[in-house]
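Let us walk through a protein model step by step. Keep the sequence and the 3D view side by side as you read.

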Amino acid sequence: MKSHRKEFWFNTKSRRELINITSDVEDEVKNSGIQEGFVLVNAMHITASVFINDDESGLHQDFERWLEWLAPEKPYDRYNHNTAEDNGDAHLKRTIMGREVTVAITDGKLDLGPWEQIFYGEFDGKRRKRVLVKIIGE
Ligand code: ZN
């Protein structure tokens, strides 16, 4: 069995951002040389997500509105977590959007459904954060 590990680093300009990382993950699958296996992609921070959905701007606005309705950023004092920090909302957003995805690799390619795209979801950005990509197979 072969394995391949890579970290993707991010430093978003805004507090919240959705970034399509599908082609970067695809490149790592190619670099790994693995033809049959799995790739795990997970956020290494508790205020960021990795998830799979459609790359459609209306849907991304819907995610933003829905997450702000569920866990508004402000007022900061609505969260018990926000004593020394102001990111209580980001922890909750991360939890609902998920930590990681696992995708099958078939014939050396990501075996995704027709509209499936892999996203990094940042909920407390403007600082360096990373995603782990781990590929196993043969
Ligand atoms: Zn926190």
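**Starting from the core**

The largest nonpolar core has 20 residues, and Val 25, Val 39, Val 41, Ile 118 and Val 131 touch the most other members. Strand S1 (2-10), helix H1 (22-32), strand S3 (37-43) and strand S4 (48-53) each supply at least two residues. So do strand S5 (100-106), strand S7 (117-122) and strand S8 (129-137). Keep in mind that this is a predicted model.

A second, separate core has 7 residues. Among them are Phe 51, Leu 67, Met 97 and Phe 123.

Now return to Ile 118 of the largest core. What does Ile 118 touch, leaving out residues up to four places away in sequence? Its contacts include Ile 19, Asn 20, Ile 21, Thr 22 and Val 25. They also include Val 50, Phe 51 and Ile 52. Val 101, Val 103 and Leu 110 complete the list.

**The chain as a whole**

Step back to the whole chain. The protein chain has 3 helices and 8 strands. From the N terminus on, the order is β-β-α-β-β-α-α-β-β-β-β. The C-alpha trace spans about 50 × 30 × 20 Å along its principal axes.

Of the 138 residues, 42% are buried. The chain exposes about 7800 Å², and carbon and sulfur atoms supply 50% of that area.

Look next at the aromatic rings. A pair of aromatic rings is described by the distance of the centres and the angle of the planes. The count comes to 3 aromatic pairs. One of them joins Phe 51 and Phe 63. Their centres are 5.6 Å apart, the planes stand at 70 degrees, and the pair is edge-to-face. Phe 51 sits in strand S4 and Phe 63 in helix H2, 12 residues apart, and the pair links distant parts of the chain.

Phe 51 has another partner, Phe 119. Here the ring centres are 5.6 Å apart and the planes are at 20 degrees, so the pair is stacked. This pair also links distant parts of the chain: Phe 51 lies in strand S4 and Phe 119 in strand S7, 68 residues apart. Both Phe 51 and Phe 119 are buried.

**The zinc site**

Which residues hold the donor atoms of the zinc ion? They are His 81 (NE2), Glu 85 (OE), Asn 87 (OD1) and His 91 (NE2). In sequence the donor residues follow the spacing H-x3-E-x1-N-x3-H.

Now check the angles. The 4 donor atoms make angles of 80 to 154 degrees, and the site is irregular. Why is it not called tetrahedral? Four donors count as tetrahedral only if all angles lie between 85 and 135 degrees.

Glu 85 is partly exposed, because its relative accessible area is 39%. Asn 87 has a relative accessible area of 2%, so it is buried.

**Backbone details**

Finish with the backbone. Most residues other than glycine have a negative phi, and most peptide bonds are trans.

A cis peptide bond joins Lys 74 and Pro 75, with omega about 0 degrees. Pro 75 is in the loop between H2 and helix H3 (88-97).

Asp 107 is not a glycine, yet its phi is positive, about 55 degrees. Asp 107 belongs to the loop between S5 and strand S6 (109-110). Its relative accessibility is 59%, so Asp 107 counts as exposed.

Lys 126 also has a positive phi, near 65 degrees. Its place is the loop between S7 and S8. Lys 126 is exposed, because its relative accessible area is 57%.

Notes
Residues are numbered from 1 along each chain as its sequence is written. This is a predicted model: local features need pLDDT of at least 70, side-chain atom pairs count only at pLDDT 80 or more; totals for chains, interfaces and linings use all residues. Side-chain values use heavy atoms; hydrogens and water are left out. Donors are N, O and S atoms within 2.8 Å of the metal (3.2 Å for Na, K and Ca); water is not among the atoms, so sites may look incomplete. Four donors count as tetrahedral if all angles lie between 85 and 135 degrees; four count as square planar and six as octahedral if opposite donors are over 155 degrees apart and all others between 65 and 115; anything else is irregular. Buried means under 20% relative accessible area, exposed over 50%, partly exposed in between (1.4 Å probe, protein chains only). A nonpolar core is a set of buried Ala, Val, Leu, Ile, Met, Phe, Trp, Tyr and Cys residues joined through side-chain atoms within 4.5 Å. Helices (H or I, at least four residues) and strands (E, at least two) are DSSP runs, numbered from the N terminus. Contact means heavy atoms within 4.5 Å. Accessible areas come from the Shrake-Rupley method with a 1.4 Å probe; for residues, only the protein chains shown count as cover. Rings of Phe, Tyr and Trp (its six-membered ring) pair if their centres lie within 6.5 Å; planes under 30 degrees apart count as stacked, over 60 as edge-to-face and the rest as tilted.
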